Amino acid sequence: MSSAAALAAGESPVAPAGGSASRRRRRGAIWEPSALLFVGPSVLLAVAFLILPMLGSFYYSTRKVSPLSGTSTPRGLDNYTTMLSDPTFLRALLNTALFTVITVPLSMGLGLALAVLMNSVLPWRKVWRTVVYLPLVISGVSVGLIGTFLYNEVIGVVNKLLLALGANGGIPWQSNGFWAFTSVVLVTIWIRVGFSMIIYLAALQAVPGDLYEAASLEGANGWQQFRHITFPLVGPATFFLIIMNVIYSFQVFDTIFVLTNGGPGNSTEVLGTWAYKVAFGPTRDQGYGAAIGVVIFVLTLIFTIVQWRANRNRDVVA
Amino acid sequence: MSLNRRQVLAGGLGLGAAVGLGACSGLTSKAGSTAPSSGASGGSGPVELTFVNWSGDAEKAAFDAVIAKFQQANPGITIKTDTVPYASVQTNLDTRFQAGNPPDLFRVSYIDMGQYTSQDVLLDLSDSLDANAFEPGLFQAVVANGKPYGAPHQIDTTAILYRKDAFEAAGITDVPTTLEEAWTWEQFSEAADKLAKVTKKGQSAFIYDWQSAGAYRWLSWLFEAGGALLTPDLKSAAIDSDAGRKALDFTKGFFDKGWVAKNTSVKSTTYPDSAFISGTVAMAFAGSFLVPAVDVGVKKKFEYGAMPQPRDVAASTDLGGNAVVAPKDGKNTEAAAKFLQFLVSEESMRTYCQATNELPTLKSLTSAQLDFDIRPDLMAPFVLQAKTLTPEQVSQVTVPQFADLNLALQNELEKAFLGGRSSADTATALAAAVQKALQ
């Protein structure tokens, strides 16, 4: 059983689409019932905790849900039209986009720079690598809490440090929208930079050293080597990171929820926190909350499809 | 009420963590109401009741004591308490209700009562409670359509805790002790100015307890100015008025003049108890139920006293406090009603309030001298303050839509306090938001 099962299970993800697959089926497809045992648990978990809840969200996004009885009445697309006239939703959408546009390139750029550094002859680089990666291992809530100790504008570490360095007054991290947003971005980059670094580091180690040797023989300087060898060759990692980071940024919730809770005003409200507040806050409008969830899903899906297509085309061109 | 929650949150435990925990308990706890129900209606067989609540340390101990006494008197009934963080209690209850398995008893803030009575899910306690035994204004908080749907267990109101050393440094000597002597808004302003001059960097003159779900406590200023949130028929907004703009002007000034720290606005998570304990404020507007925790936290680092809130046209305060209710479809409603009756009996209420520095709702106790366990010397202003609540004001903050009104207050006040929006614009925006929520 083991060889057939391994074949069945192992082959499916890489089975080429179209012609060859149907050819094989004609030949008598490799069908081994025990394969079900292997994929069963994952499929069951995915269905129970991902697919069904997702379908549930789609369903509830067209309903008005009574918070106590759980019964719902149809609302058509009202939940979606409400969004268009909900200033907080629009602000959250804008904030989410802004947050994504700022955090993704910054965390990836820094991650790549650090990866190049760690890939070189830096002393104690294993220690540095761990230090940079560590925030990712901590839960988002804890990171948010650490952020509140750093960025509290009265008793926070950052402001105390600024005062000690002779600044006139502290920075209004909590009462000024711009600075609150900045604090969220800084904390996010601190978390995410380690992830980008690790992925880039793995990609860098796959870049053949003789390319650099050849380039330096041709007289290419360091920057040129980076620009024309390193950067293109870590391309697949870049695409992977863009997708992962954009999804992460679109779904950001825990850190912001704990660090600023969307405030001051709505200046750090993002789609994730607003959906939660709508569905489980005092108003408990779970239908509307589900609709916002669907919007996050659709936006992420669109982006992923676009990115995936671009990625494929690029590989073909290359 | 909402302050108890604060205590839970104040340590910075984090909403997210709390929410996570709440969700878990909602999903996994097996409510005891599924336990033997045979004979429950007869009141003879053994019955286990589940009681969902949130509590500070003092409250938890006081609840346990009342429950122990009840169980002694009613050998057939045991009560299992399920203490959850305030921030997640609503989600917890929603999940239990949706699963068709609500707890037999649960604690509800007065301002949240409307959410349950409007859905008609609570047990009518007309036969168990004597309306005449309670302060009429306070009893109003649990009444819907003329019937009581909860046991009005306790109230708490806001008064001012102040540091004696700060007052001395600022040269403030006329500390009021009665409502008649309470500072006017002008006197309060003078005091805040003086305090702001003597406070160091990182300190401020005072903190007001309007953070998060406490946003509605801003209404105390509105009521003091002689204004109202809703019209007498409770059908439309009455806030876009001279009194409304005056209250907005005055409270916006707290931020503009630097009397309060900017990170103590309505959406903040910096609460009065932690600010007062950490020594960053000279005065804290705080509920009496915070006194036990404040007293432990201050540890005699400085001397402090209590005084009534300032007054303008009138003296006022907020309706804090909680009822305990039972769902009408519970399996053990008779036993639950029996417990609620016991909980608000004179003896139980007295011991509970004395242990927690909270205030009673029974007429016989509001006129009596309670022997509070912790810093009884501080309690007089709170007790006096409680008498300023009128039934009209109570009915405004217990309408079914109050959760939305509270949220509207939070959103719109934040824009005035930190966003620099004018009082006139804010009053108009508030009226519109209130109107929308009422529909």
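Reply: Arg375(B) sits in the loop between helix H15 (363-366) and helix H16 (380-386) of chain B. The model is predicted. Phi of Arg375(B) is near 40°. That is a positive value, and the residue is not glycine.

Lys299(B) has 8 C-beta neighbours inside 10 Å, so it counts as exposed.

Now the domains. The assignment for chain B gives domain 1 as 2-156 + 321-368 and domain 2 as 158-318 + 397-438. Between them, 24 residues of domain 1 of chain B are in contact with 23 residues of domain 2 of chain B. On the domain 1 side, helix H1 (2-10) and helix H5 (113-117) of chain B each supply at least two residues. H1(B) has the largest share of that side, with eight residues. By class, this side of domain 1 of chain B holds nine nonpolar, ten polar and five charged residues.

The largest nonpolar core has 141 residues. Which members touch the most others in this core? They are Leu161(B), Phe206(B), Ala284(B), Phe339(B) and Leu340(B). Helix H18 (residues 402-417) of chain B gives the most to this core, nine residues. Both domains of chain B take part: the core draws at least three residues from each of domain 1 and domain 2.

Look at Ala284(B) within that core. Leaving out residues up to four places away in sequence, Ala284(B) touches Leu161(B), Phe206(B), Ile207(B), Pro272(B), Ala275(B) and Phe276(B). Two of these partners, Leu161(B) and Phe206(B), are themselves among the residues that touch the most other core members. A second core is separate and has 51 residues. Its members include Tyr60(A), Ile191(A), Phe195(A) and Trp274(A).

H18(B) also matters for the contact with chain A. There, 28 residues of chain B are in contact with 27 residues of chain A. Helix H2 (15-28), helix H4 (86-98) and H18 of chain B are the elements that give two or more residues to the chain B side. H18(B) gives the most, six residues. So what is the class make-up of the side of chain B that touches chain A? It divides into eight nonpolar, 14 polar and six charged residues.

Finally, chain A itself. Chain A has 15 helices and two strands. Of its 318 residues, 33% count as buried. Take contacts in chain A between residues at least 6 apart in sequence: 67% of them join residues at least 24 apart. An unreviewed UniProt entry lists residues 93-307 of chain A as "domain: ABC transmembrane type-1". In the model, that span is 76% helix and 0% strand. The C-alpha atoms at the ends of residues 93-307 of chain A lie 20 Å apart.

Key: Residues numbered from 1 in each chain as written. Chains lettered and ligands numbered in written order. Predicted model: local features only at pLDDT ≥ 70, side-chain atom pairs only at ≥ 80, totals over all residues. Core = buried A, V, L, I, M, F, W, Y, C linked by C-beta atoms within 7 Å. Buried ≥ 20, exposed ≤ 12 C-beta atoms within 10 Å, placed from the backbone. Helix = DSSP H or I, 4+ residues; strand = E, 2+ residues; numbered from the N terminus. Domains from an automatic or database assignment. Contact = placed C-beta atoms within 7 Å. Nonpolar A, V, L, I, M, F, W, Y, C, P; charged D, E, K, R; others polar. UniProt positions renumbered as here; feature names shortened; annotations may be inferred.
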